[in-house]
Amino acid sequence: MSTSTKRVGNATVLRALNDGAALEALFRHGPMTSAGLQEILGLSKPATATLVARLEVAGLVERSGHRDGRPGPRAVVWTLRGASGYAAGVDVTVGQVSVVVADLTDRVLGRSARAVAWTAEEDPSGALSPGAHLDAVRAVVDEACARAGISRADLLQVVVGFPGSVDPATGRLAYAPHLAVWNDQDVVAQLAETLGVRVAVENDVNLVALAELAREDLADVRDLFVLWADQGVGAATLLDRRIRRGRHGGAGEIDHVSVPDPARRGRAPEGRGTVADLVRLDAVARLAQAYRLAPFDVAPLDTLRIDPSVDGRASAVARSPRVREAAASALATASLDPSGDAGDFLDDLARRLAVVLSMAVGVLDPDAVVLGGEVAAAGGEALRERVATALRAEHGTPTSVLLATAQGDGVVDGALAAALGETRRRVFGAGSVTAS
């Protein structure tokens, strides 16, 4: 390689680095003048002017006004051009697809959600065709894009959240028997082909954890553990604010791990059960029934089981809307008046959650633990305080326990954050909107 070629190459790399730094500065600090960029980047005035002109021609920045206050001509204020990149977050879960679309500046432009039947058994007509599940996702993405005023082809990145984990070596979804049409499929390849854009797939609780990182009270947290208890149970581990997925993508799939049951009523057989058997919504319902809390004092759990699974999966109980609503209602009512049996019920559930958390806290020693999902949302502060107390008193772990701020939209918002992060990395790194 000749010396002149090296110089050209070095100049190109340096220019790309400076362009990316300028775009990052505009994203982090908002609109500013060339003088502001010059101060942040440490470049000369002519070099900064050339850089800004280059970014304007590339369609990455635009003029958003002028700033007065100094002698001479008014300074042009530059801003990051949102239309230089679009991304979408998608949440695929039991019975529903949700999509949100935003531009490069984090401005949400369009949302869409739709109830879906993933299998013929779930479809009243029983007439789902092969590939209908992929068509359903594409339709909701297209609807969100239409509301955003763009086409699907404008998306530079889509991140899809699933209640399962993807093996990074094969792209196949695992731990998702409740989404049989998706489970054990190469969902990354299938969705990329269906949508015709770049697609990444991530575990739903991992995405919730990413969304939680935006909280002000977690700004200084480096290591975080998130426990999500709802229709199922999942967990996410962030070390140095980065997701740890494990070799096969299955980190956090703790629902089938066997743990002791510390409950004083309604204990699991032989005093042990899986994590899911102890803390997901149907487990909460059974515990509330053991304490004869309304509505289980007059409507036993079995009478609320209105959609038993054909193959007898216990998770079908948790997915029953009536059981879920009844369990959440019993938990919320107990948290409002935690006296008598209601308080003892909360104590038992807190002890169960503390047993689950103690495994992770003992190994990871995170800065904080976040409780999320319908169980945490319904139990609220009364449950959170009891979990923290049980961790300290019974397991000797003083880790900070917080309630998740991300609830219904946590997965799709986390997916969008991940998609925008990748979009900005590519755009800022390439200095253009051309796919790298």
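Analyst: Strand β11 and strand β16 (residues 368–372) run parallel and are joined by five bridges. Two strands are said to pair if DSSP finds at least two bridges between them. Strands here are DSSP runs of E with at least two residues, helices are runs of H or I with at least four, and both are numbered from the N terminus. At one point of this pairing, L224 stands opposite A368 in β16.

A word on the ground rules before we go on. This is a predicted model, in which local features need pLDDT of at least 70 and side-chain atom pairs count only at pLDDT 80 or more, while totals for chains, interfaces and linings use all residues. Residues are numbered from 1 along each chain as its sequence is written, and side-chain values use heavy atoms, with hydrogens and water left out.

Back to β11, which has another partner to look at. Six bridges link β11 to strand β12 (residues 233–239), and these two run antiparallel. Here L227 has A235 as its bridge partner in β12. The turn from β11 to β12 is a hairpin made through three residues.

How much of β11 is buried? Six of the six residues in β11 (residues 224–229) are buried, so the strand is largely enclosed by the rest of the structure. Buried means under 20% relative accessible area, exposed means over 50%, and partly exposed is in between, with a 1.4 Å probe and protein chains only. In a regular strand, side chains alternate between the two faces of the sheet. In β11, L224, V226 and W228 point one way, F225, L227 and A229 point the other way, and all of them are buried.

Now let us step back along the chain from β16. D365 sits in the loop between α12 and β16. Most residues other than glycine have a negative phi, and most peptide bonds are trans. D365, however, has a positive phi near 50°. With a relative accessible area of 57%, D365 is exposed.

Two packed helices are described by the angle between their axes and the distance between the axes. For α12 and helix α13 (residues 374–395), the angle is about 65° and the axes are 7 Å apart. Axes are lines fitted to C-alpha atoms, for helices over the stretch in contact, and angles run from 0 to 180 degrees between N-to-C directions. The crossing of α12 and α13 is right-handed, a label used if the near helix is turned clockwise from the far one, with left-handed meaning anticlockwise, by less than a right angle. Among the residues of α12 that meet α13 are L346, L349, L353 and L357, and on the α13 side they include V375, L383, V387 and L391. Sorted by type, the residues of this contact are 13 nonpolar, three polar and four charged. Contact means heavy atoms within 4.5 Å. Ala, Val, Leu, Ile, Met, Phe, Trp, Tyr, Cys and Pro count as nonpolar, Asp, Glu, Lys and Arg as charged, and the others, Gly among them, as polar.

Rings of Phe, Tyr and Trp (its six-membered ring) pair if their centres lie within 6.5 Å; planes under 30 degrees apart count as stacked, over 60 as edge-to-face and the rest as tilted. The count comes to two aromatic pairs. One of them is formed by Y291 and F345, edge-to-face at 6.3 Å centre to centre with 70° between the planes. Y291 is in the loop between α8 (281–290) and α9 (301–304) and F345 is in α12 (residues 340–364), so this pair ties together parts that are 54 residues apart in sequence.

Seven of its 10 residues are buried, so α8 is largely enclosed by the rest of the structure. The buried residues of α8 include L281, V284, L287 and A288. Just after α8, R292 takes a positive phi of about 55°. The loop between α8 and α9 also holds P295, which is joined to A294 by a cis peptide bond with omega about 0°.
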